[in-house]
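Trainee: I would like to go through the terms used for this model and check each against its cut-off. Can we take them in turn?

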Amino acid sequence: MEDGAQQLGHCMVDMKELNADPEGLTAAGAVLKSKRPQVEFILACNDLVASGSDRQPNALVQVAVIDPHKQHLISQTCTEIVEANKDPLFLTGVTFPSEYHASPETLVKLTVYDAKDKNQESSSFLGSATFSVGELLRAKDERLTLSLRSSDGACAAGAVVVSRLKMGEMQEVDVDHITTDIPSHKCPLVCESASPAGIDHENNPLTGPVFKNPICKVYRFQTEDNKWMLVREQMEECTLSFSVPKQLLSLYIQEDMSRVQDLRELGELSPHWDNLRKEVMTRYGGIISSYQETFAELDKITGRSFKPSCCKAQKSLEFIPINLHTQRMRVTCPKKTDAFYDIVTVGAPAAHFQGFKCGGLQRLLSRYEAEKKSFSTAYQCIYYSPQHTAEAQEVLSTMSLLQPLITSLADQLLQAAQEHSCPGLREALKNLSDKTEQFVHTLKDELVKSALLALHAARPGYVSKSQKQNPAQGGQHQGHVLQGSDQNPSPAQGLPGHSPATSITEDTAVCNNVDGSQSAARGEGGPLKHQDSIPHHKEYDEEEWDRVWANVAKCLNCVIAMVDKLLEEDSSKQEPVPEQQQQQLADVIISHNPGTWREQLCPLVTRLKECVMEVVEKARRGMTFVLLQEAACSIPQGFLLQQRRDVVFSQALAALACGFVMRLYAGMQDQGFLRQLHLVGLVAQFESLLSTYSEEIGMLEDMEVGISDLQRVLFQITEAQTDDFRDLQPLVCGRRDHFTVEVPLPRLVFQNLPVEIKEGKPLRVFPVLFNVGINEQQTIAERFGDISLQERINQRNFETLEAYYKSLSEKVPLECLPSFQTQADIKELLETLGQNVVTKKRKNVEILWTAGAICRRLNGIRFTSCKSAKDRTSMSVTLEQCALLRDEHRLSKDFFIRALDCMRREGCRIENVQKNIKCRKYAFNILQLMAFPKCYRPPEGTYGKVDS
């Protein structure tokens, strides 16, 4: 049995002195980047002599770099241990770290040890050898055989063989022929590239502005037909870990400041409502101040692009995703095209700073909505359901987008009229008509009308009809909540279009007015302010909104009629007429010239813009009042929940943006993928390993809401202004109910995209979440607790995934999807997933395996999470990678466990642990691992009690 441990970095070597003809330039759009050769090598030993004559050595090689200028030793990495073998062939390769730029003079020292245990805590020195990078590159077939020198200087310790690797270059040679003494012309590790020409996935410059600090590991594994495959892991940080949350914070601040301004512009309100408004504005002010402080703290951080797990509960970093990294596995097999498998790892999006004592978002929101009706009575305001609140936010959002657009299109119409351009006039009119009709349709909702009536009822001096009919009773009950609907009807009742059966009436609690004596005195004595367009004392004209709203459509019809008239007159002028009629027509035109096209259109277009603005002002006040009542009913719990939701969404969006960009870059040459992208969108599959017990159930409740909220996100591909990396950073815009992430691409890359994407078509992402707990806490939950949350999440997201596949199969030929070696098609996998979701089975990790396989077959984006994306996530990622090697690249069954141990012992994931907690140990103990499924247990010597 051989335990695998591997090492890897990523070294760019300056080859100018050794190779005057560089390997070439790679163009990704207009970005050109020199391909700097990488030095990676594989190791083997011959004739090792153990310290005891009665046994063979358990060999491992420690690799160190000697800086030729500073003359000091830099410890690098070590291979796996090959047990009881004097001629070991190591599966793990060696490469330099990205931060160390080696030169041909750089020295590499290899030290061979005989390990007494798997922890490598007790080992004996066997011998060492040193070579320079230049010597390896100049050697025949780039292969060196070096004698090992023992501690006394003798050369009787054996030899070490160093063979340079070139990823993407593999020759079909049987494993049996790969020995340390094969002739150099049969070296199996350096030969012609099997990669498709023109695609440089490894040095792709597009990853430059988003991904950084790569850590690489390289391996060679045996296939079922006794051939070698080369495997590289590359893990990188993502700059979006910080840039997306900072952009979101800025948008949150702008949105809340705008909300405060809208509340100020509501006009004069009765004392009761004015006090509520002040309290709500104070709450918003507190959120704004807190977010500004957090933004300032984040702005001080430079050069950092991930949040370690030990900082997950830090207040200033609560918006930053935990331990966000990308990982790519690249596989090279003889005479086959290289394959790439990507995954994003991130800690579960959750509000760790706020804690989970009362649960997570899903539980808190359910409890909050159930209690909000009683809050509405206590605060004497109308209860609006979440659907109505969302409607109000959507109306405000749509108006803010359409109103300036309509103004711009109206100006374009006048410009076309100025230029006397018939085609321009038709095109401008068509665009103006489309957007104005969309605007009118948006405001057709009865919610606007009911909100305006409710706002009127909240003005000082408002007297209801019942109070007019019975002033004595009215005076007694002003300022109090009346229980009988016949005594004090809700403002929503009795509205045109609002029958008692409508949802508005069902979800509306009674509305209390104001202190009558004070408000009446203020209302009768003071002059009407301009912004108070609804009279204070007069009975509310319920048809006023209908008239104002209908005026927009009428104005548009007038504009259309005038344009049709102008075009018709222009067309008639083009027809040939007798000379006598021409003279008569000229006399008529001179005597009755109504003016130029612009002069005739200008009054109508101006009136249209005025009507649109009037509608916007009224609707904005109405919707702001709806949101005021919603906010007033939710003090203070609603604001705390909003902050929690902002935090969780920020972490989730940063991860999604990272995954989308990675998937987009990888699929830039795949026309089938690009077609799927704009016709249907992509599935983003989140795998979670959280338990449904103790604090982690709160994390899962947060994560469920955060992933679900990603449905509000759209992506757009834009053309970058320049090819500077700063102009290639994704941008976030929008507001809480709808965000858009713009992904800029270099000009030449952008030009090769489908027309629909270039025209700015919004691209959708369908997030799905599947959770299966695997630790000892999940054992407790399954035996003594409740796992209904996990079951509900899996069932609901299975239905979403099934619906996505149905939509995809209707719109995109299945030939556009990637092909895999395994025979099971997507339908069969979906059936299997559906059966597993409803099956009562403990720790049914087949749900995760099947969901991941479906995601890859659907060209989707894969995510894996646990609490910190460090320990359980590492076990899952390495297991998935080895399963892909087995299923898609025929990894030998005998090498499966060895490959798994290699990746877990010294691969990218143990480097991730080192980055997070400065210790190369997974945070497990032996008792915990007894509860884990066997395939999720790390190799001996790689785990222990650590602070995570």
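Trainee: What makes Arg220 count as lying over the face of Trp228?

Mentor: The model is a predicted one, and in it Arg220 is 5.5 Å from the ring centre of Trp228. The limit for such a charge is 6 Å from the ring centre, together with an angle within 35 degrees of the ring normal. Arg220 is listed as lying over the face of Trp228. Arg712 is placed likewise over Phe649, at 4.9 Å from the ring centre.

Trainee: Which ring cluster does Phe649 belong to?

Mentor: Ring pairs join Phe649 with Tyr252, Tyr291, Phe319 and Phe739. The structure holds 16 aromatic pairs, and Tyr291 with Phe319 is one of them.

Trainee: Why is the pair of Tyr291 and Phe319 called edge-to-face?

Mentor: Two values are needed, because a pair of aromatic rings is described by the distance of the centres and the angle of the planes. For Tyr291 and Phe319 the centres are 5.3 Å apart and the planes are at 90°. Tyr291 sits in helix α3, while Phe319 is in the loop between α3 and β13, 28 residues apart from it.

Trainee: How do you know that Tyr291 and Phe319 are buried?

Mentor: Buried means under 20% relative accessible area. Tyr291 has 1% and Phe319 has 0%, so both count as buried. Across the protein, buried residues make up 57% of the 948 residues.

Trainee: Why is the pair of Phe686 and Phe863 called stacked?

Mentor: The ring centres of Phe686 and Phe863 are 4.1 Å apart and the planes are at 5°. Stacked requires planes under 30 degrees apart, so the pair is stacked. Phe686 is in strand β15 and Phe863 in strand β20, so the pair ties together parts that are 177 residues apart in sequence. Both Phe686 and Phe863 are buried.

Trainee: What makes Asp274 and Lys278 a salt bridge?

Mentor: Their closest N and O atoms are 3.6 Å apart. The cut-off is 4 Å, so the pair qualifies. Asp274 and Lys278 lie four residues apart in helix α3, about one turn of the helix. Lys278 has a relative accessible area of 48%. Exposed requires over 50%, so Lys278 is called partly exposed. By the salt-bridge rule the count comes to 43.

Trainee: Which salt bridges link separate helices?

Mentor: Lys609 with Asp411 is one of them, with the closest N and O atoms 3.0 Å apart. Lys609 belongs to helix α14 and Asp411 to helix α5, 198 residues apart. Both are partly exposed, Lys609 at 25% and Asp411 at 39%. Asp702 and Arg644 form another salt bridge, with the closest N and O atoms 3.0 Å apart. Asp702 lies in helix α17 and Arg644 in helix α15, so this pair ties together parts 58 residues apart in sequence.

Trainee: Why are Asp702 and Arg644 called buried?

Mentor: Asp702 has 0% relative accessibility and Arg644 has 5%. The limit is under 20%, so both count as buried.

Trainee: Where is Arg735, and is it buried or exposed?

Mentor: Arg735 is found in strand β17. Its relative accessible area is 18%, which is under 20%, so Arg735 is buried. Arg735 touches Glu255, Arg259, Leu396, Ser397 and Ser400, leaving aside residues up to four places away in sequence. Glu255 and Arg259 are also linked with Asp256, Asp646 and Arg736 in a network of salt bridges.

Technical notes
Residues are numbered from 1 along each chain as its sequence is written. This is a predicted model: local features need pLDDT of at least 70, side-chain atom pairs count only at pLDDT 80 or more; totals for chains, interfaces and linings use all residues. Side-chain values use heavy atoms; hydrogens and water are left out. A salt bridge is a side-chain nitrogen of Lys or Arg within 4 Å of a carboxyl oxygen of Asp or Glu. Helices (H or I, at least four residues) and strands (E, at least two) are DSSP runs, numbered from the N terminus. Buried means under 20% relative accessible area, exposed over 50%, partly exposed in between (1.4 Å probe, protein chains only). Rings of Phe, Tyr and Trp (its six-membered ring) pair if their centres lie within 6.5 Å; planes under 30 degrees apart count as stacked, over 60 as edge-to-face and the rest as tilted. Contact means heavy atoms within 4.5 Å.
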